[in-house]
Structure formats: structure tokens, C-alpha cells
Amino acid sequence: MTMGDAPGTCSLEAGIACLRRGGVVAYPTEAVWGLGCDPFDEAAVRRLLALKDREIDKGLILVAAERAQLDGLVDWDALDAARREAVHASWPGPHTWIAPCTARVPPWITGTHAGVAVRVSAHPVVVALCRGFGGPIVSTSANPAGLPPPRRREDMDTRLAGEVDAIVEGETGDLGQPTPIRIATDGRVLRG
């Protein structure tokens, strides 16, 4: 069965419309299937967290189509020039950074952290979703807490797949594991 024939999949346009309505969507990323929603819609974020059985304190990643979508959310001036350049030079690509954030980033995104995790993706479905939506979206793996993240649509937890509002057509990239996460201020690796 191909992705387009898989039950519950929808077009990119339908996924974007779902995000705009406050829905939770599953979509392919660089390495695994992800879950996303409007990061400024608290009800949508809380629903996504409930689907994953994930604590709000952990925080969530924001993924964008281009760096400009993160302006006003990331406090670029809080990074020295060399660190800012290192972050910018890694994008677009599978690199997530925890960066200083502005007061515009809601606490249901940052969790108990002082910064926000951000990535500018090169994955075509992620880029198209963010461009169509008009800004960054939440990006977290499409698995209940404690279970491995799915690399293929058919490996997604059936309960979770049945409760999201849309599953966007596409394939994951060739990255072998979820994106590394580093601290923007000093380059330390949190997840390799």
C-alpha cells in the first residue's frame, strides 16, 4: 500500500487547513513521523501533549520553513555573533537548537526551560506545511511517551493515528534518528 492509499492520509492543503482550524496533524519529518499543531493555540498543544502522554514541563520543538519565521520568537541578540552564525549556518537542515526566546513564546511551548527548541527544516513536507500555515508549527515525534518514534506511517501507534485530525501524505527523510538537539549559547549536545 502506498502512502497516498493509506487510510487516513490527506493532502498537504488539507493538513494546512487542519492546522489553521486548531487541529493536530501527523506528518513526515527528516527522520520520523511527527505531530504538529499551532504553537499559539493552547488547546491544540494540550491535546497534542495528551495524545502523546507527554508532560508539559518538557517543552516542545518549533519547526519552521525559514529563519524569518522564528524572528520575534528567538532572541537572536542574546547570542554572541559566533554562536548566532553557528546556528544560522546549520539551517536549513536537521539541527535543533535550544535558543533564548522572547516573551512571545508561550509557556506551554517552553515548558520549564528558559529557551525554546527551534529548527529550520529542509524536509519538503515540513517546509510546505510551515509556509502554507504561515509560521512555525510544533514538531514532536508521533509516538506515545516511552514508545519508539515511527519511521514509517504504518508503524505509527494505531490509537494515536486514530485520534489525530489529519495524517499528511509523504515519506520521512533519510536521517537515521531524530534530529540532534544542542544548546545555542555554547554548542553543547543534549541529544546526539
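1. Strands S5 (residues 96–100) and S6 (residues 115–120) run antiparallel to each other, paired over four bridges. Pairing here needs at least two DSSP bridges between two strands; strands are DSSP E runs of at least two residues and helices are H or I runs of at least four, numbered from the N terminus. Trp-97 has Val-118 of S6 as its bridge partner.

2. A word on provenance: this is a predicted model, where local features need pLDDT of at least 70, side-chain atom pairs count only at pLDDT 80 or more, and totals for chains, interfaces and linings use all residues. Residues are numbered from 1 along each chain as its sequence is written, and side-chain values use heavy atoms, with hydrogens and water left out.

3. Zooming out, there's an open sheet of 10 strands with mixed pairing, in the order S1-S8-S2-S3-S7-S4-S6-S5-S9-S10. Its edge strands, S1 (9–10) and S10 (189–191), each pair on one side only.

4. Helix H5 packs on that sheet and touches S2, S4, S7 and S8 (contact: heavy atoms within 4.5 Å). The H5 direction makes about 135° with that of S2; axes are lines fitted to C-alpha atoms, for helices over the stretch in contact, with angles from 0 to 180 degrees between N-to-C directions.

5. H5 covers residues 124–133, and its buried residues are Val-125, Val-126, Val-127, Leu-129, Cys-130 and Phe-133. Buried is under 20% relative accessible area, exposed over 50%, partly exposed in between (1.4 Å probe, protein chains only). Their cover includes helix H1 (12–20).

6. Thr-140 sits in S7 and is buried, at 9% relative accessible area.
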